[in-house]
Amino acid sequence: MLMEWFRSFFFYFLIYSFLGWIIEGLFTLATKGYFIKPNFLFFPIKPMYGFAAVWLIELKSILPMGLFLIAAFFIPSIIEYLTAYVLSHLFHLKYWDYSHCAYQLSGYICLRFSIYWFFLCLSLIYGLHPYVAYFYTQIHVFWFYFFPTSLFVFLTDLVLTFHHKPIYWSKQRS
């Protein structure tokens, strides 16, 4: 049972991480005129979107509505803050900067984008996720066989990122 939960968790994580990459690309296209935005990993996924989504998917079933709404506001912002902090302090990278925005914290998060994430999360949980969950029920037998390869590819991306990108990052800083 735990392994089936992990397989579904990882499926949702990959789907929502990829959709996060699409959302950021579209946002960059709308605001800067080009689609591609720098990415920490080699593959087109943004894990902070996947982590926020799967965490909220799990919490929706155990929290009362009021607490879930509070979680839907704070969880994406906490993940965004922690991601920005780690990228900045461990890798000397800064993919976004909210320091020019009102009600911001260290330039990592701001109230305006926290509100955007809140509504995006509600749209995901109540609008998109029921369809993605249904899709998973239709392909879970196939996913059972594809899951090990997907996990291997994801972990390989992490290893390659941490092995190769420090060279790139040091060249960027000099």
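**View 1. Helices α1 and α2 are oblique to each other.** The model is predicted. The α1 and α2 axes cross at roughly 130°. They come within 7 Å. The crossing of α1 and α2 is right-handed. On the α1 side, the contact is made by W5, F9, Y12, F13, Y16, S17, G20 and E24. On the α2 side, P47, M48, Y49, G50, F51, A53, V54, I57 and E58 take part. By class, the residues of this contact divide into 12 nonpolar, three polar and two charged.

View 2. Just after α1 comes G33. This glycine takes a positive phi of about 90°.

**View 3. Helices α2 and α3 pack at an angle of about 155°.** Helix α2 spans residues 47-60, and α3 spans residues 65-91. Their axes lie 10 Å apart. The angle is over 145 degrees, so α2 is roughly antiparallel to α3. The crossing of α2 and α3 is right-handed. From α2, the contact draws on M48, F51, A52, W55, L56, L59 and K60. From α3, the partners are F68, A71, A72, I75, P76, I79, E80 and T83. The contact of α2 with α3 has 12 nonpolar residues, one polar and two charged.

**View 4. S77 is a buried residue of helix α3.** The relative accessibility of S77 is 5%. Buried means under 20%, so S77 qualifies. S77 touches I109, S114 and W117, leaving aside residues up to four places away in sequence.

**View 5. L67 is a partly exposed residue of helix α3.** The relative accessible area of L67 is 46%. This value falls between the 20% and 50% cut-offs, so L67 counts as partly exposed. L67 and L41 are 26 residues apart along the chain. Their C-alpha atoms are separated by 33 Å.

Methods
Residues numbered from 1 in each chain as written. Predicted model: local features only at pLDDT ≥ 70, side-chain atom pairs only at ≥ 80, totals over all residues. Heavy atoms only, no water. Helix = DSSP H or I, 4+ residues; strand = E, 2+ residues; numbered from the N terminus. Buried < 20%, exposed > 50% of the residue type's maximum accessible area, 1.4 Å probe, protein only. Axes fitted to C-alpha atoms, helices over the stretch in contact; angles between N-to-C directions. Parallel < 35°, antiparallel > 145°, perpendicular 65-115°, else oblique. Left-handed = near helix turned anticlockwise from the far one by under 90°. Contact = heavy atoms within 4.5 Å. Nonpolar A, V, L, I, M, F, W, Y, C, P; charged D, E, K, R; others polar.
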